[in-house]
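Visitor: I have a fold open on my screen and would like a quick tour. Could you walk me through it?

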Amino acid sequence: MKQNLIDLLSGEFKTYPVILQGSLSPTDAYPESFFTIWNTETADWSHYDNGTVGFVWRFTVAFFSVDPTLVNTVLTSARALLIQHGWLVDGVGEDTPTDEISHTGRSLDVIYLERFQQS
């Protein structure tokens with residue numbers, strides 16, 4: 001699901017890199033605008049006959065930019081994209097702190113229910 005999320009965001013928003021949260025080194029310069037993703041949990045969805053029938057994938061998706069207007073508009077567009085592709089999105093997001101004074105950020109909590117095929 002992580003790759004699915006990366007592919008959706010980088011496919012639709014080609015000009016904004018998608019970076020794993022925390023993977024920029026202290027010496028890396030922040031891109032002007034970019035997404036980060038972080039897999040916060042992957043729990044069993046449900047069980048049947050002593051087996052897991054799927055997983056609940058939870059991610060935080062954040063967008064950071066030097067342009068405060070983009071922080072809101074791009075994340076709103078990303079929310080719509082994810083919903084269109086079967087992701088569950090909890091709310092419209094929240095402000096997110098950043099390590100760079102030049103950037104502001106917003107984040108969303110997103111969920112994907114991965115159900116295994118029953119045979």
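Guide: Helices (H or I, at least four residues) and strands (E, at least two) are DSSP runs, numbered from the N terminus. This is a predicted model, where local features need pLDDT of at least 70 and side-chain atom pairs count only at pLDDT 80 or more, while totals for chains, interfaces and linings use all residues. Residues are numbered from 1 along each chain as its sequence is written, and side-chain values use heavy atoms, with hydrogens and water left out.

Visitor: How many bridges join β2 to β5?

Guide: Strand β2 covers residues 33-44, and its run relative to β5 is antiparallel. The number of bridges between β2 and β5 is eleven.

Visitor: And which residue in β7 is the bridge partner of Val61?

Guide: Strand β5 (residues 54-65) pairs with strand β7 (residues 104-115) in the antiparallel sense, over twelve bridges. On the β7 side, the partner of Val61 is Leu108.

Visitor: Which strands are at the edges of the open sheet?

Guide: The sheet has five strands with mixed pairing, ordered β1-β2-β5-β7-β6. Strand β6 (residues 88-96) is joined to β7 by six antiparallel bridges, with Thr96 opposite Gly105. An edge strand here pairs on one side only, and that describes β1 (18-20) and β6.

Visitor: Are α1 and α2 parallel, antiparallel, perpendicular or oblique to each other?

Guide: Axes are lines fitted to C-alpha atoms, for helices over the stretch in contact, and angles run from 0 to 180 degrees between N-to-C directions. The axes of α1 (residues 2-12) and α2 (residues 68-84) come within 11 Å and cross at roughly 130°. Angles under 35 degrees count as roughly parallel, over 145 as roughly antiparallel, 65 to 115 as roughly perpendicular and the rest as oblique. So α1 and α2 are oblique.

Visitor: Which residues of α2 make the contact with α1?

Guide: Contact means heavy atoms within 4.5 Å. On the α1 side you'll find Leu5, Leu8, Leu9 and Glu12; on the α2 side, the residues are Ala78, Leu81 and Leu82.

Visitor: What angle does the direction of α2 make with that of β7?

Guide: First, α1 lies across β1, β2 and β5, running at about 155° to β2. Helix α2 packs on the sheet too, touching β2, β5, β6 and β7, and its angle with β7 is about 10°.

Visitor: Is Val92 buried or exposed?

Guide: Val92 belongs to strand β6. Beyond its neighbours within four places in sequence, Val92 is in contact with Arg79, Arg106 and Leu108. The cut-offs are under 20% relative accessible area for buried, over 50% for exposed, and partly exposed in between (1.4 Å probe, protein chains only). With a relative accessible area of 60%, Val92 is exposed.

Visitor: What share of the residues count as buried?

Guide: For scale, the C-alpha atoms fill a box of roughly 55 × 30 × 25 Å along the principal axes. Of the 119 residues of the protein, the buried share is 31%.

How values were computed:
Pairing = 2+ DSSP bridges.
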